[in-house]
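Here is a friendly briefing to read alongside the structure. Keep the viewer open and follow the points in turn.

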Amino acid sequence: MLTKFETKSNRVKGLTFHPKRPWILASLHSGVIQLWDYRMGTLIDRFDEHEGPVRGVHFHNSQPLFVSGGDDYKIKVWNHKTHRCLFTLLGHLDYIRTVQFHHENPWIVSASDDQTIRIWNWQSRTCISVLTGHNHYVMCASFHPKEDLVVSASLDQTVRVWDIGSLKKKSVSPADDLMRFTQMNSDLFGGVDAIVKYVLEGHDRGVNWASFHPTLPLIVSGADDRQVKLWRMNETKAWEVDTLRGHMNNVSSVMFHAKQDIIVSNSEDKSIRVWDATKRTGIQTFRREHDRFWILAALRLFLSILHTIPLVVVESRSEVDEVKELVTIVKEYVLGLKMELKRRETRDDPVRQQELAAYFTHCNLQLPHLRLALFSAMGVCYKARNLATAYNFAKRLLETNPMESQAKTARQIVQAAERNMTDATELNYDFRNPFVICGSTYVPIYRGQKDVSCPYCTARFVPNQEGNICGVCDLAVIGADASGLVCSPSQVR
Ligand SMILES: [Zn+2]
């Protein structure tokens, strides 16, 4: 199930699922925390007391509480039933990255850019331990699901496992906590109650995330070195087991699935990867490319039109002409969208990128779509320092009377090009010379060059495509000596 949540406030920094209800809390860059019902797709409530981005949120597993931590150095505990912030925990000296409730004890663990991890008792509202040792931002910290351990990840390139057993043994009465906190302060955060058990070294860049396996003595971590690492531990030591490679950019978070034997990782390469935790191989990659989704949806729609038309029976000659015109219009869109998909697959080939973007502007599109194609081609060519070509698209775009935001960019590109009317690379694209685009190879067929065509959709092709199935409509054989579209008895008389 995929549900899209519309919100004006830009980026989501933290998420937590309610343990029982179909609720999700989203903490935003704007400082607002939103409570959504993800089955209904409705915003239930919003909590707005933090100043600046809120990166960490977590639901309590039994009480109507959640905790949040923000760039204002504040940890807030909220009752979502009464819609109140109950209290604020102060102590961190920099941004707070993650916050988490303990599954049993009245504790919260928090990770901060001040290089410390803190454990708080939310009943006595005091800090009961400060875990020091990391020497860069601590990006995340979480309790072990059963044992008295905390795992943390830091930009100092290490993952650390902390033993908090002594914390648990001591009383958790408010008075004791207060006393311990005073003593701890006098110890200058000596970390008397929690000791680092293991320091896991192996990542070559900052580590963004580390989490425990729900039942096995395993840890998984993700880092700016684009790697996911698997670690094992026993009573006395912890060691690296394997590295999962495949992400093309920083890995921002990674965890074991609660029930299945899989690892899920999220990266700045805009993909989520699913790995087999035992075989340590990639199972699936989900790419977050919304554009691609819409192009595919549009393509499917146009193709279904092309495939339905042969079943249409009309009476008069003029209706036959109308149907044929519809086929030609739809054919242009199918060709254009297929080139757009191809362009997205050739991101590592800037020349081909520009060519495909350029050809798209020569498909016979409706004006709003032509503007989009021109705007895209203009941007792609400008980025590749092909200023003269970008200038041409900018001029064509301005002629279509576009909306002001597009016009502004176009005028800026015209100005930049007028100072330096050159192209950095040569493209197979001569806009002065009329052409059609081959429906299979996506190269221009300039006027006067030989071509063959599809008898049904009329798409054109370079001669060596003769005999193949048409790559545009997927229906007819290219160059076949057929009568074309027959949809009226009047045509065969
Ligand atoms: Zn065709």
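Let's start where two helices touch: Leu387, Ala388, Ala390, Tyr391, Ala394, Lys395, Leu397 and Leu398 of helix 7 meet Gln406, Ala407, Ala410, Ile413, Val414, Ala416 and Ala417 of helix 8. By type, the residues of this contact between helix 7 and helix 8 are 13 nonpolar, one polar and one charged. Please bear in mind that the model is a predicted one.

**Helix packing**

- Helix 7 (residues 387–399) and helix 8 (residues 404–419) pack at an angle of about 145°, and their axes are 9 Å apart.
- The crossing of helix 7 and helix 8 is left-handed.
- Helix 8 also meets helix 6: the axes of these two helices come within 11 Å and cross at roughly 35°.
- Helix 6 passes helix 8 in a crossing that is left-handed.
- On the helix 6 side, Arg371, Phe375, Met378 and Tyr382 take part, and they meet Gln406, Ala410 and Ile413 of helix 8.
- The residues of this contact of helix 6 with helix 8 divide into five nonpolar, one polar and one charged.

**A mostly covered helix**

- Helix 5 (residues 350–360) has eight of its 11 residues buried, and is thus mostly covered.
- Its buried residues are Gln353, Gln354, Glu355, Leu356, Ala357, Ala358, Tyr359 and Phe360.
- What do the buried residues of helix 5 pack against? Their partners are helix 4 (317–345), helix 6 (367–383), strand 25 (435–437) and strand 26 (444–446).

**Nonpolar cores**

- The largest nonpolar core holds 68 residues, and Ile108, Trp120 and Val150 have the most contacts inside it.
- Strand 13 (residues 138–143) supplies the largest share of this core, with five residues.
- Apart from its neighbours within four places in sequence, Val150 is in contact with Val109, Ile117, Ala141, Ser142, Phe143, Trp162 and Ile164.

**A buried strand and its hairpin**

- Why is strand 5 (residues 54–59) largely enclosed by the rest of the structure? Six of its six residues are buried, so the strand is largely enclosed.
- Strand 5 pairs with strand 6 (residues 65–70) in the antiparallel sense, over five bridges.
- The two strands, strand 5 and strand 6, form a hairpin with five residues between them.
- Within this pairing, His58 stands opposite Val67 of strand 6.

Terms used:
Residues numbered from 1 in each chain as written. Predicted model: local features only at pLDDT ≥ 70, side-chain atom pairs only at ≥ 80, totals over all residues. Buried ≥ 20, exposed ≤ 12 C-beta atoms within 10 Å, placed from the backbone. Helix = DSSP H or I, 4+ residues; strand = E, 2+ residues; numbered from the N terminus. Pairing = 2+ DSSP bridges. Contact = placed C-beta atoms within 7 Å. Core = buried A, V, L, I, M, F, W, Y, C linked by C-beta atoms within 7 Å. Axes fitted to C-alpha atoms, helices over the stretch in contact; angles between N-to-C directions. Left-handed = near helix turned anticlockwise from the far one by under 90°. Nonpolar A, V, L, I, M, F, W, Y, C, P; charged D, E, K, R; others polar.
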